[in-house]
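Here are my notebook entries from a look through this structure. Keep the viewer open and follow along.

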Amino acid sequence: MADNKLDERPTLSKEELQALLEPQILSLSNIQEALSGKTRLFKVCLFAATAMSAAYLGMYSTGLLDNFVSHGWTKHYGDYRLHQIRFGVGFLMLVSLYVWILLKKPLGTILACYAGVLSYFLVSGTARLFVVLNPPNDTSFLTIYIFLNSSFVALVLILMREDRRSTW
């Protein structure tokens, strides 16, 4: 009776066997190939997030933003260091997103994590500004701060939705 069960086992086809024996290596594709299955809105949002980050990096490097970021308003060294850490984390998130795209991996989980981190940056930064600044007098800066941070969160959420709609 045991012989009959062994004889009835399914066998692997030639293609399945070859796929199992072939070594799996990570291969980076080029960006055009990696984005070929993505929706147009995904590409637009990715470009917008990248352009906003590059513009921010350029303006920050030249010193144009010093009066418009939180440490420029609060004049606390701790806010300056916190700003540098947040920017470094944001830059690493963007780089790792591109690497994940090039590896053609599913982006849902990583984008959900990014949305959470960016939301934390938004809430904690706004709370810090409410503590240090007098909100009724500085509504313009606070509004711009909330709008810019919210736009990054919105872009990440749109990227997450469009990634589910895309094919690879």
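**Entry 1: the pocket lining.** I started with the largest pocket of this predicted model and asked which helices each supply at least two residues of its lining. They are helix 4 (40-62), helix 5 (70-74), helix 6 (77-102), helix 7 (108-132) and helix 8. Helix 6 gives the largest share of that lining, with 10 residues. I then sorted the lining by class and got 28 nonpolar, 9 polar and 3 charged residues.

Entry 2: I looked up the volume of the largest pocket, and it comes to about 1100 Å³. Its lining has 40 residues, and those closest to the centre are Tyr56, His83, Phe87, Asn149 and Phe152. Two of these names came back when I checked burial: His83 is buried in helix 6, and Asn149 is buried in helix 8.

**Entry 3: the whole chain.** I stepped back to count the secondary structure, and the protein chain has 8 helices and 0 strands. Read along the sequence, the pattern is α-α-α-α-α-α-α-α. Of the 168 residues in the chain, 30% are buried. I also checked contacts between residues at least 6 apart in sequence, and 73% of them join residues at least 24 apart.

**Entry 4: helix 6.** How many residues does helix 6 have? I found 26, with a reach of 38 Å from the first C-alpha to the last, close to the 38 Å expected at 1.5 Å a residue. The buried residues I listed here are Asp79, His83, Arg86, Met93, Leu94, Leu97 and Ile101.

**Entry 5: Lys104.** Just past the end of helix 6, I stopped at Lys104, which sits in the loop between helix 6 and helix 7.

**Entry 6: the cores.** The largest nonpolar core has 21 residues, and Leu97, Ile101 and Leu111 have the most contacts inside it. Helix 4, helix 6, helix 7 and helix 8 each give two or more residues to this core. Helix 7 provides the largest share, 6 residues. I then picked out Leu111 and left aside residues up to four places away in sequence; Leu111 touches Leu97, Val156, Leu159 and Met160. A second, separate core has 5 residues, including Leu133, Phe141, Leu142 and Tyr145.

**Entry 7: helix 8.** I checked the span of helix 8 (residues 139-165) against its 27 residues. At 1.5 Å a residue the span should be 39 Å, and the end C-alpha atoms are 38 Å apart, so the two agree. Its buried residues include Phe141, Leu142 and Tyr145, names I had already met in the second core. Val156, Leu159 and Met160 are buried too, and these are among the residues that Leu111 touches.

**Entry 8: Asp163.** My last stop was Asp163, which lies in helix 8. Why does Asp163 count as buried? The cut-off is under 20% relative accessible area, and Asp163 has 11% relative accessibility, so it counts as buried.

Key:
Residues numbered from 1 in each chain as written. Predicted model: local features only at pLDDT ≥ 70, side-chain atom pairs only at ≥ 80, totals over all residues. Heavy atoms only, no water. Helix = DSSP H or I, 4+ residues; strand = E, 2+ residues; numbered from the N terminus. Expected span 1.5 Å × (residues − 1). Buried < 20%, exposed > 50% of the residue type's maximum accessible area, 1.4 Å probe, protein only. 1 Å grid on protein atoms, 1.4 Å probe; cavity = no way out; pocket = protein on both sides within 12 Å on 5 of 7 lines; lining within 4 Å. Points joined across faces, edges and corners; volume = space filled by probe spheres on them. Nonpolar A, V, L, I, M, F, W, Y, C, P; charged D, E, K, R; others polar. Core = buried A, V, L, I, M, F, W, Y, C linked by side-chain atoms within 4.5 Å. Contact = heavy atoms within 4.5 Å.
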